[in-house]
Amino acid sequence: MAKVPVQFTLNGSEKAEFVDSGTTLLHALRDKIGDTSPKGGCHQGTCGACSVIIDGELRLSCLTLAETCNGADIRTTSGLAEAGVLHPLQRAFLDAFATQCGFCTPGMIMAAKVLLDHTANPSREEVVEALSGNICRCTGYEPIIQAVLTAARANSQNAA
Amino acid sequence: MTLALQTFSTVKDANMALQAAGTRYLGGGTLVVRAANEGDVSVSSLVRVTEPSLSAIAVSGGETRLGASVTMAAIARHPELAALAPAARAVGGPAIRNMATVGGNLFAPAPYGDFTVAMLALDAIVVTEDGQVPIQTFLAGRDASRAIVTGITFVLPRAESFRFLKVARVKPKGVSVLSIATLLQRAADGTVTSARIALGCMADRPMRARAAERALLGCRLTAEEIAPALAVAGEGTSPITDPIASAWYRNEVLPVHLGRLLLA
């Protein structure tokens, strides 16, 4: 099988790689480029653990073919911290004990980031809706919802 | 997994490539990449089309055309498509809605395909490279369809005449127990003069509840008057049994939810 070139921006850095045709973005990110923050859970589009942000939209990297991302701007949880300082969402997840086994956390944080990018002060219902495609089997969701609301408040205070 | 992906700039060229055995059309990926991930070896190569018209939404008067690559998220946020937003939002979570397309939804097997239930109630026309076909005809023959769907056209319903309900056990997002879309025209005294009722999960693909439609004619939307329609709502159904619900359960609750939707 011939390799195909893929080139995109990952968390602000240019990446170029040769992959087998039909390789999913999840596989390319984890096994080719070495960004293991998106997780492979169900590979069926059900669990949301592989969620990444492509050109500003939340997508499932397990159902996205890497070849279709040429020229795209891709964001993952591993690119959130700046100069060793955690992103407010990461800080809030830690403080609220919103992560237990941690497998769903990168996907949850990406889903929450898209929400906060568009809605500075979301309601609880908006948070629940934004996270509705992400499954967590540990926390019961409540700490995650609280963490997102806390991060939104922290963002608002910083902006004020 | 190795899948040969071919990208075309026009539907015409892609249509030729799609004729090869083992080739499937790649829309948003939520069905076909999922199938490949699941180990479906019948999928060996994929074709996709980047033609911009496939992602266009056109609303002129009531006439609406959705390109086959229009996503559920694009419909849900479009100001002129507010009547359809509940059906578009019924599909998946936010990430799925950013990927799942109108064209793909036409092929989604039960328990998926909630948006197509709404399209069936609206008597939409499916546009393919081979021409235009009524959605009911298209759905009946979709397993053998080899022509790329380019769009879907329909008359946008007035908000008060169109209703949509998805029943799921998990809130706010869950797989359908069933879904129902109704398009009712009513006279000034409230009696139903025409009725179209489409059901999801009550067969392997969206279907019409024709007996209930007939029974609703001339009725006002009161519990007493719709009772005969609810009594025949399950006529002709052949629901799926899956981990969400059994066929028996789906048949049992269909009249309950149809009644609630009609009386809402």
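Asn11(A) takes a positive phi near 50° in the hairpin of E1(A) and E2(A), which has 2 residues between the strands. The model is predicted: local features need pLDDT of at least 70 and side-chain atom pairs count only at pLDDT 80 or more, while totals for chains, interfaces and linings use all residues. Residues are numbered from 1 along each chain as its sequence is written, and chains are lettered from A and ligands numbered from 1 in the order in which they are written.

Element names follow DSSP runs numbered from the N terminus, with helices (H or I) of at least four residues and strands (E) of at least two. Two strands pair if DSSP finds at least two bridges between them.

## Chain A

Strand E1 (residues 3–10) and strand E2 (residues 13–20) of chain A run antiparallel and are joined by 8 bridges. Within this pair, Pro5(A) stands opposite Phe18(A) of E2(A). E1(A) also pairs with strand E5 (residues 73–75) of chain A, here in the parallel sense and over 2 bridges. Leu10(A) has Ile74(A) of E5(A) as its bridge partner.

Helix H2 (residues 88–95) of chain A has as its buried residues Pro88(A), Leu89(A), Gln90(A), Ala92(A) and Phe93(A). A residue is buried if 20 or more other C-beta atoms lie within 10 Å of its own, exposed if 12 or fewer do, and partly exposed in between, with C-beta atoms placed from the backbone. The buried residues of H2(A) pack against helix H3 (105–118) and helix H5 (142–159) of chain A. Just after H2(A), Phe97(A) takes a positive phi of about 55°.

## Domains

The domain bounds come from an automatic or database domain assignment.

| Chain | Domain | Bounds |
|---|---|---|
| Chain A | Domain 1 | residues 3–79 |
| Chain A | Domain 2 | residues 88–159 |
| Chain B | Domain 1 | residues 4–49 |
| Chain B | Domain 2 | residues 53–155 |
| Chain B | Domain 3 | residues 159–263 |

In chain A, the centres of domain 1 and domain 2, taken over C-alpha atoms, are separated by 21 Å. Contact joins 13 residues of domain 1 of chain A to 12 residues of domain 2 of chain A; two residues are in contact if their C-beta atoms, placed from the backbone, lie within 7 Å. Strand E3 (residues 51–54) of chain A makes the largest share of the domain 1 side, 3 residues. By class, that side has 7 nonpolar, 5 polar and 1 charged residues. Ala, Val, Leu, Ile, Met, Phe, Trp, Tyr, Cys and Pro count as nonpolar, Asp, Glu, Lys and Arg as charged, and the others, Gly among them, as polar.

In chain B, 20 Å separate the centres of domain 2 and domain 3, taken over C-alpha atoms. Here 21 residues of domain 2 of chain B are in contact with 25 residues of domain 3 of chain B. Two or more residues of the domain 2 side come from each of helix H4 (85–89), helix H7 (114–121) and helix H8 (135–140) of chain B. H7(B) gives the most to that side, with 6 residues. The domain 2 side divides by class into 14 nonpolar, 5 polar and 2 charged residues.

## The sheet of chain B

Chain B has an open sheet of 3 strands in the order E1-E3-E2, with parallel pairing. Strand E1 (4–8) and strand E2 (23–25) of chain B are the edge strands, each pairing on one side only. From one strand to the next the twist averages 25°. E1(B) is joined by 5 bridges to strand E3 (residues 45–49) of chain B, and the two run parallel. In this pair Thr7(B) stands opposite Arg48(B) of E3(B). Helix H1 (residues 11–18) of chain B packs on the sheet, touching E1, E2 and E3 of chain B, and its direction makes about 170° with that of E3(B). Axes are lines fitted to C-alpha atoms, for helices over the stretch in contact, and angles run from 0 to 180 degrees between N-to-C directions.

## Between the chains

In the interface of the two chains, 25 residues of chain A are in contact with 20 residues of chain B. Strand E4 (57–60) and helix H4 (124–130) of chain A are the elements that give two or more residues to the chain A side. The largest share of that side, 4 residues, comes from E4(A). The residues of the chain A side divide into 9 nonpolar, 11 polar and 5 charged.

## Nonpolar core

A nonpolar core is a set of buried Ala, Val, Leu, Ile, Met, Phe, Trp, Tyr and Cys residues joined through C-beta atoms within 7 Å. The largest has 130 residues, and those with the most contacts inside it are Ala111(A), Ala112(A), Ala118(B), Met119(B), Ala121(B), Ala181(B) and Leu199(B). H3(A) gives the most to this core, with 8 residues. Ala112(A), leaving aside its neighbours within four places in sequence, is in contact with Leu89(A), Ala130(A), Leu131(A) and Val148(A).
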